[in-house]
Amino acid sequence: MQARQGNQKLLKQFNKSKLLNLINHYAPISRTDLVQKTGLSPTTVSSLIEESLHDGVVIETGSVGEGVGRKATLLEINARGGFVIGVDLSFATELTLLNLRGELLVTEKMDELTDVNLSELPNLLKSFLNKQKILHEEVKGIGISLPGILDEDRKKIVFSYNLNVRNYPLHALVEEAFQVPIHLVNDVNAAAFAEQCSGNAVGSHSLVYTLLSRGVGTGVILRNEIYDTGHTGNSITARTFDQEQTVFHPLNVYSIYNLAKGIKDRHPETFHEVTDHYAIINRFFHLAFQQKEDPFFTEAKRMAEDIVILLSNYALLLKPEKVLVNGWVAEQQSFFAYMLHVLDELEKTTTISICLEKSYWKEKGPSLGAARLALHHIFKEMQFS
């Protein structure tokens, strides 16, 4: 008897998630349309919708129909039925708040969290909610993006160089404080998801997202699923000579720090007085593309060719519909324009075809993507295993 009751409860959850998923995608939609799309009986649809109306997740928004017959009442997700929070721990902590329709309400940057104060994240979230005048129970899910390696169940941070933690139970820490679904995701994967949901990859079923900034990583979405190797983007976990665990990426040489250091080491007479990494990079590309001064111009062109070749390798292997870049590579207008030129020349002599664009959300991508992921799981249709 208990097994039968359990199966009935699971079937009810399955049917309810199917209805909410359809309302989320096709709103405004009538009960009659839901019956047709799901094949469920009118009685079942009516009962489950009444529950959702009572819970405040769904609202009635009007009616449709002509003549003297009974008009069909339309349904949609209640924007005020709850909220989701996105957290980005990449560098400066950024918080993003969405309502249940996925509308962006606010983003806020806060101080960087590391191993010393990462345990304060629940209190930081509570302060954020108080500031927005949102009740604790109105939060329906939290997504957290971070640079580092997650375990297979996405419950712990196996290793994060930026946060300086190993085997850190971040999922349990936040879940205990809020008692809602918590979703951990790598920051570049979260940024890729944000681009697919509401950025420069809307409508694309597959994309590759590469970040060249203080950190370096690649996020991949294939057939609408985040491709998760468990590593930082498509980075490789390794150990240094002193046995410290670290993360390597094919484009690590083009991180902000490594790029600036390499430029300064190669051209000490030009950059010896410049200490800021961004200032070094900006001056280098100004000399290269505005003044066409060598050896800077030749070096910059080679950098563009290197990056395009790597992106082309991704394209050959994964065949994404979009390839997006973010970080300094997107901020340097002349450099990006030259990358497009290199790509055009490459396409003339090979079968490679890449739709290369800049990220739409830029630095907001990881926190927005984490929030979108939390929302996605609220309305994701359950699957029977």
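Author: A salt bridge is a side-chain nitrogen of Lys or Arg within 4 Å of a carboxyl oxygen of Asp or Glu. The model discussed here is predicted.

Reader: Why is the pair of glutamate 357 and lysine 322 called a salt bridge?

Author: The side chains of glutamate 357 and lysine 322 meet at 3.5 Å, N to O. The cut-off is 4 Å, so the pair counts as a salt bridge.

Reader: What makes this a link between distant parts of the chain?

Author: Glutamate 357 lies in strand S18 (residues 356–358) and lysine 322 in strand S17 (residues 322–327), 35 residues apart.

Reader: Why is lysine 322 called buried, and why is glutamate 357 called partly exposed?

Author: Buried means under 20% relative accessible area, and partly exposed lies between that and 50%. Lysine 322 has 14% relative accessibility, so it is buried. Glutamate 357 has a relative accessible area of 25%, so it is partly exposed.

Reader: How do you know that glutamate 138 and arginine 80 form a salt bridge?

Author: Their side chains meet at 3.7 Å, N to O, and the limit is 4 Å. Glutamate 138 is in the loop between H4 and S7, while arginine 80 is in the loop between S3 and strand S4 (83–88).

Reader: Which of these two residues is buried and which is exposed?

Author: Glutamate 138, at 17% relative accessibility, is under the 20% limit and therefore buried. Arginine 80 has 57%, which is over 50%, so it is exposed.

Reader: What makes arginine 101 and glutamate 76 a salt bridge?

Author: The distance is 2.4 Å, N to O, which is within 4 Å. Arginine 101 sits in the loop between strand S5 (93–99) and strand S6 (104–110), and glutamate 76 in strand S3 (residues 72–77). The whole structure has 13 salt bridges.

Reader: Why is lysine 16 called buried?

Author: Its relative accessibility is 18%, and the limit is 20%, so lysine 16 counts as buried. The residue is in helix H1 (residues 2–26). Leaving aside neighbours within four places in sequence, lysine 16 contacts Leu48, Glu51, Ser52 and Asp55. Lys16 also belongs to a network of salt bridges with Lys12, Glu51 and Asp55.

Reader: How do you know that the buried residues of helix H5 (residues 170–178) are on the same side?

Author: The buried residues are Leu170, His171, Val174, Ala177 and Phe178. They cover an arc of only 145 degrees around the axis, which puts them on the same side of H5. Their cover includes helix H4 (121–131) and strand S7 (139–146).

Methods. Residues are numbered from 1 along each chain as its sequence is written. This is a predicted model: local features need pLDDT of at least 70, side-chain atom pairs count only at pLDDT 80 or more; totals for chains, interfaces and linings use all residues. Side-chain values use heavy atoms; hydrogens and water are left out. Helices (H or I, at least four residues) and strands (E, at least two) are DSSP runs, numbered from the N terminus. Buried means under 20% relative accessible area, exposed over 50%, partly exposed in between (1.4 Å probe, protein chains only). Contact means heavy atoms within 4.5 Å. The arc is that of the directions from the helix axis to the C-beta atoms.
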